[in-house]
Amino acid sequence: MKGTDRNLSLSPFYVLEDNPSQNLSMYKKNYKDESPFIVSECDKMITEESSLVKQQRIHTTEMQFSCLKCGKLFKRKQHLEIHERTHTGEKPYPCSECGKCFTQKSHLVQHLRTHTGENPFPCPECGKCFSHKSNLDIHLRIHTGEKPFSCPECEKCFTEKSTLVKHQRIHTGERPFSCPECEKCFTEKSTLVKHLKIHTGERPFSCSECGVFFKRKSHLADHQRTHTGEKPFSCPECGKCFIQKSNLVNHQKIHSGKKPFSCPECEKCFIEKSTLVNHQRIHTGEKPFPCPE
């Protein structure tokens, strides 16, 4: 019996036509052996009828399980059940170490590696190890140069879809993360988290040498160089070195002659914005620093 493109064959005697449940019952009646069912699309061998039906849905467009909340369709009931947790908020898989809960068991397994330190996915190029296979796949693009996600506006390409989504906000002007304190909006959640420390006064990063606290880890790293003397940012023109990259950028304007900050009163131009601010006090007469004596 010749099957269609979607047929599943029962090796070695039978081809499953478009009605799998009917044909399976006929097969059960006529054949008593234990030969596995072979899926003709992928040659996968399956011994149970329920598993065969699930595998068939992978090769068809059948989407018979729908979400009652949003109408989204799924091929498998278990996928629908996982999706429904996004509506109910149910997170049935708690971490035994920290109590954090997850909607899927696979997410819990991945999370547990943050406690165990397990990184089972090594890079074949450089040996760097990762806790998630998806992170390894993204990392490999550093070696291959692959950037599969391109911006339809400017054609700039990215290694990760999430980076493309953030980039596109430059074009759309979207700022979906707003501060509950001052309503200032941001393109990235991480920027909002940093901003919130302005309101809370939180300074979680302390210098082990002098005990000074900082709001951001990057600011602490810059500060620690005042103790170590490290100046990792060097000018390619004159070789002068700097503690911070921003200082190097300002310095390079000396070589380029670029003075991007101009005074609206007299049109005098300056390399740095702070110098422009000081200059403008000549026009305004502002004297903001009183003598304490």
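Buried here means under 20% relative accessible area. By that criterion, Leu 192, His 195 and Lys 197 of helix 7 are buried. The model is predicted, with an average pLDDT of 83 for the protein. It has ten helices and 20 strands, and 21% of its 293 residues are buried.

**Confidence and overall build**

- A pLDDT of at least 70 is reached by 78% of the residues.
- Residues 1-33 have pLDDT below 50, and in the model this stretch makes 63 contacts beyond near neighbours in sequence.
- Among contacts with a separation of 6 or more, 7% join residues 24 or more positions apart.
- The protein has an accessible surface of about 20900 Å², and carbon and sulfur atoms account for 50% of that area.

**Helix 7**

- Gly 201 follows helix 7 and has a positive phi, near 75 degrees.

**Helix 9**

- Helix 9 runs over residues 245-256; its twelve residues should span 16 Å at 1.5 Å a residue, and the 17 Å between its end C-alpha atoms agrees with that.
- Leu 248, His 251 and Lys 253 are buried in helix 9.
- Strand 17 (233-234), strand 18 (241-242) and strand 19 are included in what covers the buried residues of helix 9.
- After helix 9 comes Gly 257, with a positive phi near 80 degrees.

**Helix 10**

- Helix 10 (residues 273-284) has twelve residues, and the distance from its first C-alpha to its last is 17 Å, close to the 16 Å expected at 1.5 Å a residue.
- Gly 285 follows helix 10, and its phi is positive, near 75 degrees.

**Helix 4: His 111 and Thr 116**

- His 111 is found in helix 4 and is buried, because its relative accessible area is 13%.
- Leaving aside residues up to four places away in sequence, His 111 touches Cys 95, Cys 98, Lys 100 and Phe 102.
- Thr 116 also belongs to helix 4, which comprises residues 105-116.
- The relative accessibility of Thr 116 is 58%, so Thr 116 counts as exposed.
- A polar atom of the Thr 116 side chain lies 3.2 Å from the backbone nitrogen of Glu 118.

**Cysteines**

- A disulfide is a covalent bond between the sulfur atoms of two cysteines.
- The cut-off for a disulfide is a pair of cysteine sulfur atoms within 2.5 Å, and the count by this rule is zero.
- Cys 263 is in no disulfide, and its nearest cysteine sulfur, that of Cys 266, is 3.8 Å away.
- Cys 263 counts as buried because its relative accessibility is 1%.
- The closest cysteine sulfur to that of Cys 269 is also in Cys 266, at 8.8 Å, which is too far for a bond.
- Cys 269 has a relative accessible area of 33%, so Cys 269 is partly exposed.

- Glu 155 is a residue other than glycine with a positive phi, near 65 degrees.
- Glu 155 sits in the loop between strand 11 (149-150) and strand 12 (157-158).
- With a relative accessible area of 65%, Glu 155 is exposed.
- Glu 267, likewise a residue other than glycine, has a positive phi near 65 degrees.
- The loop that holds Glu 267 lies between strand 19 (261-262) and strand 20 (269-270).
- Glu 267 counts as exposed, because its relative accessibility is 65%.

Methods: Residues are numbered from 1 along each chain as its sequence is written. Side-chain values use heavy atoms; hydrogens and water are left out. Buried means under 20% relative accessible area, exposed over 50%, partly exposed in between (1.4 Å probe, protein chains only). Helices (H or I, at least four residues) and strands (E, at least two) are DSSP runs, numbered from the N terminus. A polar contact is a pair of N or O atoms within 3.5 Å; within protein, one must be able to donate a hydrogen and the other to accept it, and residues adjacent in sequence count only if both atoms are side-chain atoms. pLDDT is the predictor's confidence in each residue, from 0 to 100. Contact means heavy atoms within 4.5 Å. Accessible areas come from the Shrake-Rupley method with a 1.4 Å probe; for residues, only the protein chains shown count as cover. The expected span of a helix is 1.5 Å times one less than its number of residues.
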